[in-house]
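Here are my notes for someone opening this entry for the first time. Please keep the viewer open while reading.

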Amino acid sequence: MSMLDFGIQSKSNLIAQLLQVVGTEGVITGESDKRAYEIDWLNKWSGHSSLVVRPANTQQTAEVMRICHANRTPVVVQGGNTGMSGGATPDDSGAQVVLSMTRMNTIREVDSFNNTITVESGVLLAHIQEEAERNNRFFPLSLGSEGSCTIGGNLATNAGGVAVLRYGNTRELTLGIEVVLPDGRIWNGLRALRKDNTGYDLRDLFIGSEGTLGVITAAVLKLHPLPTARSTAWVGAKDIQSLVRLIDACRSRCGERLCAFEMMTHESVALVLQHVTDVSYPLTSDHPVHALIELADMNQEGLANMLESTLEEALDNGDISDAVISASLRQRQNFWKIREGISQAQVRAGKTIKHDIALPISAISDFVSAATAAIGKEQSNARIINFGHIGDGNLHFNVLMPAETDYATMTRNTASLNRVVHDLVHQANGSISAEHGVGQLRRDELRHYKSAVELDLMMCIKQSLDPHQIMNPGKLI
Ligand code: FAD
Ligand code: MLT
Ligand code: ZN
């Protein structure tokens, strides 16, 4: 028997075992049917899987993992496939199984008195938000991809988004999780407790582990009171440092009511106006930087006044040059559509080198000046598309390359510009992946910037949970 025959036999043997567990509706083997699971939404990462498996519940997931473990078959867990770092895409070997969690989409329970919701990992983020609202509660995680991403993917990447400033990222919104380990054992950590000091925090180990330690199958999430009033403003300012002072003013005057503070440079907004339909520029003249600021509360009374007086003070002291507070839902939606449209506009505009960095808010302005100058020296005809969740210190400091840039130049420039930007981030004690995760995109850079001790600790954890390296090989670590 040749090696090829052996490979074909072991694959059909694997398929036969998996079919027994998940049935025909849970296995996809056709080349064209598998394709959607093998390419990411950016068309940046692509690979070839041996097959796609779609378990319907935790028991099936456990059985699938037991079989893959026994066969030493590598597994790539996938949720909504909206990730930014290539973490959910199989490699080119054709040997990896994609484990798609989208059939596990049941909301198991809402406990209103405990303010928790228990969900399976394939539930779409938007469905969790809707279910919370039906129960007069609020689930604050909010991302541009919320109609397509799953809570399992959010947990595995510890997703951030536009409400981190007030509510924290996915980790802070989670009380318990259920995980299927690489060998098929189930860890039921679905505790709905806000206090639990019974040993190491295994929950937080799996959150943010990007499918490299186990399969998250369910979670208990925290719910918050549903804000019934919102006040949203769009402001124009001369520079980033002025917006940093405005964040401070908003926090001091509005306290916990401040729930979003997003920054967009002139170039970012111009890109949306050029490439996204149905948006209109909110102010009468253009400004070097813009911010979208949102307050939320249980009571409309006084909320708009609070925002208005904060902005008036900023106008008086010159921190902002113009501002408008939304007078209708439509106007508010227009503000958010501009902000959320930047990702899409970048895809339409051409080849972008993306950065997802976190810095102390006090260091942002100096970083932007230094990084802009350094990129200008390396690549004078590139455009910097800088926007992000400045209220929590997270910038998407992206470089839009000239349209004519070919593949080889793009690859070369990506490496050198990443180094320029990330060296400056590192010098400022920042992070090279604030919310999008490491995946394939930042794996090698992680090795460059993390200390030997930290890398060693991460390797020890990986080795003890996944000794045969079957969970998402080639990603993160
Ligand atoms: P996938 O892309 O399928 O997977 C992501 C990673 O998680 C992979 O490593 C995968 O192996 C792993 N994984 C998935 N499910 C599981 C599971 N059940 N168990 C274990 N591992 C698993 N992200 C932000 O943080 N903030 C933003 O503001 C934001 N905005 C976005 C806007 C747009 C328009 C788009 C397209 C994306 C945006 N993202 C943002 C990125 C992305 O949506 C998030 O990373 C999201 O959390 C990924 O969820 P997913 O279900 O699509 O996961
Ligand atoms: C955002 O904040 O819009 C997202 O993280 C998406 C992106 O960086 O493109
Ligand atoms: Zn973001």
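Which residue of β10 does Thr-118 stand opposite? Thr-118 faces Val-220 in β10.

1. Ground rules. This is a predicted model, in which local features need pLDDT of at least 70, side-chain atom pairs count only at pLDDT 80 or more, and totals for chains, interfaces and linings use all residues. Residues are numbered from 1 along each chain as its sequence is written, while chains are lettered from A and ligands numbered from 1 in the order in which they are written.

2. Domains. The protein chain splits into domain 1 (3–100), domain 2 (107–225), domain 3 (229–342) and domain 4 (350–435). These bounds come from an automatic or database domain assignment. Between the C-alpha centres of domain 1 and domain 3 there are 44 Å.

3. The five-stranded sheet. An open sheet of 5 strands runs in the order β5-β6-β10-β8-β9, with antiparallel pairing. Helices (H or I, at least four residues) and strands (E, at least two) are DSSP runs, numbered from the N terminus. Two strands pair if DSSP finds at least two bridges between them. The edges are β5 (107–111) and β9 (186–189), each pairing on one side only. From one strand to the next, the twist averages 10°. The pair from the opening question belongs here: β6 (residues 116–120) and β10 are antiparallel over 5 bridges.

4. A helix across that sheet. Helix α4 (residues 125–134) lies across β5, β6 and β10. Its direction is at about 145° to β6. Angles run from 0 to 180 degrees between N-to-C directions, and axes are lines fitted to C-alpha atoms, for helices over the stretch in contact. Contact means that the C-beta atoms of two residues, placed from the backbone, lie within 7 Å.

5. The four-stranded sheet. Another open sheet has 4 strands in the order β1-β2-β4-β3, with mixed pairing. Its edge strands are β1 (27–28) and β3 (75–78). Strand β2 (residues 49–53) runs antiparallel to β1, joined by 2 bridges. Val-27 stands opposite Val-53 in β2. Helix α2 (residues 31–38) packs on this sheet and touches β1, β2, β3 and β4 (96–100). The directions of α2 and β2 make about 85°.

6. Ligand 1. The shell holds 37 residues, and Gly-79, Gly-87, Gly-152, Gly-153 and Gly-211 come nearest. A residue counts as near if its C-beta atom, placed from the backbone, lies within 6 Å. β3, α5 (151–157) and β10 (215–222) are the elements giving two or more residues. The most come from α5, with 5 residues. Because domain 1 (3–100) and domain 2 (107–225) both give residues to the shell, ligand 1 lies between them. By class, the shell has 12 nonpolar, 22 polar and 3 charged residues. Here Ala, Val, Leu, Ile, Met, Phe, Trp, Tyr, Cys and Pro count as nonpolar, Asp, Glu, Lys and Arg as charged, and the others, Gly among them, as polar.

7. Ligand 2. What surrounds ligand 2? Gly-144, Ile-342, Ser-343, Gly-388 and His-396 do. The class count is 1 nonpolar, 4 polar and no charged residues.

8. A helix pair. The axes of α9 (residues 266–275) and α12 (residues 342–349) come within 9 Å and cross at roughly 70°. That makes α9 roughly perpendicular to α12 (65 to 115 degrees; under 35 is roughly parallel, over 145 roughly antiparallel, the rest oblique). Ser-268, Leu-271, Val-272 and His-275 in α9 meet Ile-342, Ala-345, Gln-346, Arg-348 and Ala-349 in α12. This contact has 5 nonpolar, 3 polar and 1 charged residues.
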